[in-house]
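Please keep the sequence and the coordinates at hand while reading.

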Amino acid sequence: MKQGVLLLAHGAPERLEDVASYLTFVRGGRPASPRIIEEVERRYQAIGGSSPLLAWTRVQAEALERMLGIPVFFGMRNWHPFIRETMDRVRDAGLDCIAAIAMAPQFSELSVGLYIRRTEEARSAAGVTAEIRWARSFHDEPLLIEAFAEKLEPVVAGRKVLLTAHSVPEKSLAGGDPYDRETRATAAAVAARLGLADWEFAYQSQGLTDDRWLGPTVESCLDRYAAAGIREVVVYPIGFVCDHVETLYDVDVVFRNYAAERGISLFRPEALNGSGKFTAALAEVAKRCL
């Protein structure tokens, strides 16, 4: 049986000129307003004009391929290479079975659920006959917890630790979506692995919509810390597996400035990015699927 792995990621523009087109894909074909385009362009400009998400996903895929010794493909939901484009390569490889892993450890219908639907649509359109076996969640994979802990350990001593995940609209949990439970479970496992006593969990990167989004927000936590006289805080996302705008801008620019205005020094360890332990975690997840 010829096996392979398919990694799925959100996608992000690599040039400022692509932001408007990218946002159209994010919004399901509906163009974004000039106000939103301008705001997102400003954020990307602040981190150098592009996102490293594609580059890091490529690094992670290549490392996983070396570790497993089978083909590893990757596709993006909202930018090139689109999942549909990648499916043509999967078809041409003549695979019999594919382990599909969304690069989001915790399951939500708004993230992993969308990856599953878009991949199945692309599979049908491309005429892929291989069986796809989904890793719907790997939020409690032991090697994932180890990978996060490895990045955090050098900077946590004597500091308040705030672990975060990307917020989602509260209404998305109405049908029993496990996202809130799984993000908090990942955070608790990382804290337990490091023996942290002084830590909390918050949601970041609330969207530019009128929906009620999951909290508490990072800002509200920083306000409390400032009032309590806390002067050093580590903010670390446990819902992301590489650096992109939600770490490089939301944490490194917005939260760091917000903290500084309140007399707090904010620290953020590197995201998993090229972590060998994270590669090993992905390998375990893929082997379970296959």
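Helices (H or I, at least four residues) and strands (E, at least two) are taken as DSSP runs and numbered from the N terminus. The model is predicted, and local features need pLDDT of at least 70, side-chain atom pairs count only at pLDDT 80 or more, and totals for chains, interfaces and linings use all residues. Residue numbers start from 1 along each chain as its sequence is written, and side-chain values use heavy atoms, with hydrogens and water left out.

The description begins with the sheet. Two strands pair if DSSP finds at least two bridges between them. Strand β1 (residues 3-9) is joined to β2 by five bridges, and the two run parallel. L8 has G75 as its bridge partner in β2.

Next come the loops and their backbone geometry. The loop between β2 (72-76) and α4 (83-92) contains P81, and the peptide bond that joins H80 and P81 is cis, with omega about -10 degrees. Another cis peptide bond runs from G215 to P216, with omega near 5 degrees. P216 belongs to the loop between β6 (199-204) and α8 (218-227). S205 also lies in the loop between β6 and α8. Although S205 is not a glycine, it has a positive phi of about 60 degrees. N273, in the loop between β8 (265-267) and α11 (276-289), is likewise not a glycine and has a positive phi of about 45 degrees.

Are these two residues, S205 and N273, buried or exposed? Buried means under 20% relative accessible area, exposed over 50%, and partly exposed in between (1.4 Å probe, protein chains only). S205 counts as buried at 11% relative accessibility, and N273 is buried at 1%.

The cysteines can be treated briefly. A disulfide is a covalent bond between the sulfur atoms of two cysteines, and the criterion here is a pair of cysteine sulfur atoms within 2.5 Å. The structure holds zero disulfides. For C97, the closest cysteine sulfur is that of C289, at 8.5 Å, which is too far for a bond. C97 is buried, with a relative accessible area of 0%, and C221 also counts as buried, at 1%.

On a 1 Å grid over the protein atoms alone, a cavity is a set of points where a 1.4 Å probe fits but cannot get out, whereas a pocket is an open set with protein on both sides within 12 Å along at least five of seven lines; lining residues have an atom within 4 Å of a point. Grid points are joined across faces, edges and corners, and a volume is the space filled by probe spheres set on the points. The largest cavity has a volume of about 30 Å³, and its lining includes F148, Y236, R268 and L272.

The second largest pocket holds about 190 Å³ of space. S205 is among its lining residues, together with others including E39, R42, Y249 and D250. Helices α2 (34-46) and α10 (250-260) each supply at least two residues of this lining.
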